[in-house]
Amino acid sequence: MDAEGLALLLPPVTLAALVDSWLREDCPGLNYAALVSGAGPSQAALWAKSPGVLAGQPFFDAIFTQLNCQVSWFLPEGSKLVPVARVAEVRGPAHCLLLGERVALNTLARCSGIASAAAAAVEAARGAGWTGHVAGTRKTTPGFRLVEKYGLLVGGAASHRYDLGGLVMVKDNHVVAAGGVEKAVRAARQAADFTLKVEVECSSLQEAVQAAEAGADLVLLDNFKPEAQFPSVAVEASGGITLDNLPQFCGPHIDVISMGMLTQAAPALDFSLKLFAKEVAPVPKIH
């Protein structure tokens, strides 16, 4: 899917609520700095100072829209950034620009970092000749999941289930609570009806076979060796997978490779927003 079209996935009401909560968190009371900047019309240039994939434009836009500012983008969503790159320009009252600055930069930097990690993982998988799905996980930052899942998509990875309702995932603790794999899968199948798939996390090869025989749609092999094979069901490999060892898991019998590090360990990209008074915005230095 074209990265620019992914913005359609974001519910406007949810997006507005997120932005409102972020701005309230950063400025819940008096904004003394506004007396310094004033309310006069101003403009600022957004600069990318590290390489990677640009992601998070809808969130950046929504933040400044709520603050009565206008954003003009010079690069489309999903662009490969080569620093120093002038990415966008923001215009509006000076105190509003500065009120949204840090929130907008935090969101864009984090989202772009995840998109960059996702793109690197997909590139590594395709370089190994594997055509399955590289996916994220539910290991996301509380309150920031929508941004992080969106970043995965911009980077070309699958988001995996968004929440507990997107897939019936029977994990090791569910198996223990239910009294065994077969009982757990039967209960999951009954709960899922015909609308959801059932995936089972397996602690042994025997459990994986039991799960498949009980009617699981997918089997999750957590921290298993890459050569494990289950041709009768879709297989997801997970646990301890990094960009370095990813090619080892790209076997013909693996359908999905999920990587928690795409959201947990992706470094944020470096952006800056600089106000300028002249017609040409000065290029910032990279430290």
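Predicted model: local features only at pLDDT ≥ 70, side-chain atom pairs only at ≥ 80, totals over all residues.
Biologist: Which strands stand at the edges of the open sheet?
Modeller: The sheet has 4 strands in the order β3-β5-β1-β12, with antiparallel pairing. Two of them have a single partner strand each, so one side of each is left without a neighbour in the sheet. These edge strands are β3 (70–73) and β12 (271–275).

Biologist: Over how many bridges do β1 and β5 pair?
Modeller: Strand β1 covers residues 41–48 and strand β5 covers residues 85–93. In this pair, Gln43 stands opposite Arg91 of β5. The two strands pair in the antiparallel sense over 8 bridges.

Biologist: What angle does helix α4 make with β12?
Modeller: Helix α4, residues 94–127, lies across β1, β3, β5 and β12. Its direction relative to β12 is about 165°.

Biologist: How many disulfides does the count come to?
Modeller: A disulfide is a covalent bond between the sulfur atoms of two cysteines. The cut-off for the pair of sulfur atoms is 2.5 Å. For Cys69 the nearest cysteine sulfur, that of Cys96, is 5.1 Å away, and Cys69 is in no disulfide. The count comes to 0.

Biologist: Is Cys69 buried or exposed?
Modeller: The relative accessibility of Cys69 is 5%. Buried means under 20%, so Cys69 counts as buried.

Biologist: What is the relative accessible area of Cys111?
Modeller: Cys111 falls under the 20% cut-off for buried residues. Its relative accessible area is 0%.

Definitions and conventions
Residues numbered from 1 in each chain as written. Heavy atoms only, no water. Pairing = 2+ DSSP bridges. Contact = heavy atoms within 4.5 Å. Axes fitted to C-alpha atoms, helices over the stretch in contact; angles between N-to-C directions. Buried < 20%, exposed > 50% of the residue type's maximum accessible area, 1.4 Å probe, protein only.
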